[in-house]
Amino acid sequence: MATLLASNSINIKNIGIVHNREFEDGVLHIELYDQASLDTAVTLLKKYHYTVYKR
């Protein structure tokens with residue numbers, strides 16, 4: 001996933017795994033630098049069948 005974003009010139013500001021009851025198996029939490037990067041990343045990840053939750 002990080003390689004996919006990097007190959008499309010999207011820089012990750014922060015990354016980590018969140019474990020809580022809402023997401024029983026854990027969720028990869030990614031922070032990006034700006035809204036344009038976020039919008040592009042969401043579109044790209046959905047294209048490759050990742051489940052994306054925006055907050």
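The points below describe a predicted model of a protein, from its overall make-up to single residues.

1. Basis of the values. Because the model is predicted, local features need pLDDT of at least 70 and side-chain atom pairs count only at pLDDT 80 or more, while totals for chains, interfaces and linings use all residues. Residues are numbered from 1 along each chain as its sequence is written, and side-chain values use heavy atoms, with hydrogens and water left out.

2. Secondary structure. The protein has two helices and two strands, in the order α-β-β-α from the N terminus. Helices (H or I, at least four residues) and strands (E, at least two) are DSSP runs, numbered from the N terminus. Helix H1 covers residues 2–6 and strand S1 covers 12–18. Strand S2 is 27–32 and helix H2 is 35–47.

3. Extent and burial. The C-alpha trace spans about 35 × 20 × 20 Å along its principal axes. Of the 55 residues, 18% count as buried. Here buried means under 20% relative accessible area, exposed means over 50%, and partly exposed lies in between (1.4 Å probe, protein chains only).

4. Surface and charge. The protein exposes about 4,500 Å², of which carbon and sulfur atoms supply 49%. Accessible areas come from the Shrake-Rupley method with a 1.4 Å probe; for residues, only the protein chains shown count as cover. The mean positions of the 6 positive and the 6 negative charges are 3 Å apart. Lys and Arg count as positive and Asp and Glu as negative, with His and the chain ends not counted. Each charge is placed at NZ of Lys, CZ of Arg, CG of Asp or CD of Glu.

5. Contacts along the chain. Taking contacts between residues at least 6 apart in sequence, 33% join residues at least 24 apart. A contact means heavy atoms within 4.5 Å.

6. Leu4. This residue is in helix H1 and is buried, with a relative accessible area of 17%. Leaving aside residues up to four places away in sequence, Leu4 touches Leu44, Leu45, Tyr48 and Tyr50.

7. Largest pocket. Its volume is about 630 Å³. Of the 21 residues that line the largest pocket, Leu28, His29, Ile30, Val52 and Tyr53 are the closest to its centre. S2 and H2 each supply at least two residues of the lining, and the largest share, six residues, comes from S2. A pocket is an open set of points on a 1 Å grid over the protein atoms alone, where a 1.4 Å probe fits, with protein on both sides within 12 Å along at least five of seven lines; lining residues have an atom within 4 Å of a point. Grid points are joined across faces, edges and corners, and the volume is the space filled by probe spheres set on the points.

8. Positive phi values. Ser9, in the loop between H1 and S1, has phi near 60°, a positive value in a residue other than glycine. Ser9 is exposed, with a relative accessible area of 65%. His49, in the segment after H2, has a positive phi of about 70° and is likewise not a glycine. His49 is exposed at a relative accessible area of 74%. Both backbone assignments can be checked in the structure above.

9. Ser37 is in helix H2 and counts as buried, at 16% relative accessibility. Not counting residues up to four places away in sequence, Ser37 touches Ile10 and Leu32. Asp34 is in the loop between S2 and H2 and is partly exposed, with a relative accessible area of 42%. The C-alpha atoms of Asp34 and Ile10, 24 residues apart along the chain, are separated by 9.8 Å.

10. Thr43. This residue is also placed in helix H2, but Thr43 is exposed, with a relative accessible area of 56%. Thr43 and Gly16 are 27 residues apart in sequence, and their C-alpha atoms are 20 Å apart in space.
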